[in-house]
Amino acid sequence: MTSTDQSPTARGSGTSATQAFRASRQEHTAAAVSAERVSSVVGRILAGVHDAIRAEKVTYDEFQAAKQWLIDLGEGGEWPLFLDVFVEHVVEDVAAETQQGTKGSILGPYYLPGQRKLPSVASLPARPGEQGTPLVFAGQVRDTDGNPVAGAELDIWHADSEGYYSGFAPHLPDGNLRGVVVTDGQGRFEISTVQPAPYQIPTDGPTGRLIDAAGWHPWRPAHLHLIVRAPGCRPITTQLYFEGGEWLDSDIAQATKPELVLTPVEQGDGTLRSEYDFVLERG
Ligand code: BEZ
Ligand code: FE
């Protein structure tokens, strides 16, 4: 988006993620929040921090290092990345308590609205000779009563075979491996793309430095992102993973669910095919 250098950097993708987040906020007007709610939520967060400081006997040196790291996180534009890696999965768990149908998962920082609309049988926009194992992803969108949902939109985006997202890595064309596929009269879709690689949290920024300092690994398993929406239905934001995929059992963002794992079948010509049906809640 804004980087001019051709190699992806944490600062480049962090800045782009912050810009994308700000643009998405302009579409919503912030709801008024009562003082009671702010006091209750922020009070609990602060109490958790205070408890950790007491339990861990945090020193002044460590407190000042934390302050410096938080300053770096903001300056690097990495707040969306950090929060989506370490916090969003719990917000999603809470949202999931009231949602029927297909399980949700985190949105993450790399969604870009307004992508090209595509028919029910479509290939995602890709570079000529896009590298990666060809993948056909097909299925049906139904409501919780089992009725097909015609004209549902599958807003899909994923990393390329090196783990980079278009819009956040300057060497990729805008819109690469992103699109909005519209289901046919029977709610069906068939999307041709390539299998994404696992995603690595950028290691050259503050989030990566924290992960390294804690001795954790920086990986998310390979995944497809989707927002499935239709008029009169509650949209679902989710991710689909691949059976046997590396990091499936140790996702740094803790966003995997057993119901969201695809079982691709090799078609004899090097293409993988995977079927998955989505169920939307009316209302
Ligand atoms: C992702 O799903 O791509 C993602 C989620 C959280 C943080 C970074 C990336
Ligand atoms: Fe992702």
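Predicted model: local features only at pLDDT ≥ 70, side-chain atom pairs only at ≥ 80, totals over all residues.
Which residues touch the most other members of the largest nonpolar core? Residues are numbered from 1 along each chain as its sequence is written, chains are lettered from A and ligands numbered from 1 in the order in which they are written, and side-chain values use heavy atoms, with hydrogens and water left out.

**View 1. The whole protein has six helices and 15 strands.** Helices (H or I, at least four residues) and strands (E, at least two) are DSSP runs, numbered from the N terminus. Along the principal axes, the C-alpha atoms fill a box of roughly 60 × 45 × 35 Å. Buried residues (under 20% relative accessible area, 1.4 Å probe, protein chains only) make up 42% of the 283.

**View 2. Phe-137, Val-141, Leu-226 and Phe-278 touch the most other members of the largest nonpolar core, which has 33 residues.** Such a core is a set of buried Ala, Val, Leu, Ile, Met, Phe, Trp, Tyr and Cys residues joined through side-chain atoms within 4.5 Å. Elements giving two or more residues to this core include β3 (134-143), β9 (223-229) and β15 (278-282). The element that gives the most is β11, with four residues. In soluble globular proteins, nonpolar side chains tend to be buried together.

**View 3. Phe-278 has contacts (heavy atoms within 4.5 Å) with residues including Phe-137, Val-141 and Leu-226.** Residues up to four places away in sequence are not counted here, and Thr-102, Gln-140, Arg-142 and Thr-238 are also among those touched. A second, separate core of 16 residues includes Leu-81, Tyr-110, Tyr-199 and Ile-201.

**View 4. His-89 sits in helix α5 (residues 88-96).** His-89 is buried, with a relative accessible area of 12%. Leaving aside neighbours within four places in sequence, its contacts are Ile-106, Ala-253 and Gln-254.

**View 5. Thr-271 lies in the loop between β13 (265-266) and β14 (272-275).** Is Thr-271 buried or exposed? Thr-271 is buried, at 15% relative accessible area. Beyond neighbours within four places in sequence, Thr-271 is in contact with Pro-134, Val-136, Val-265 and Glu-266. From Arg-44, Thr-271 is 227 residues away in sequence and 50 Å away in space, C-alpha to C-alpha.

Terms used. Buried < 20%, exposed > 50% of the residue type's maximum accessible area, 1.4 Å probe, protein only.
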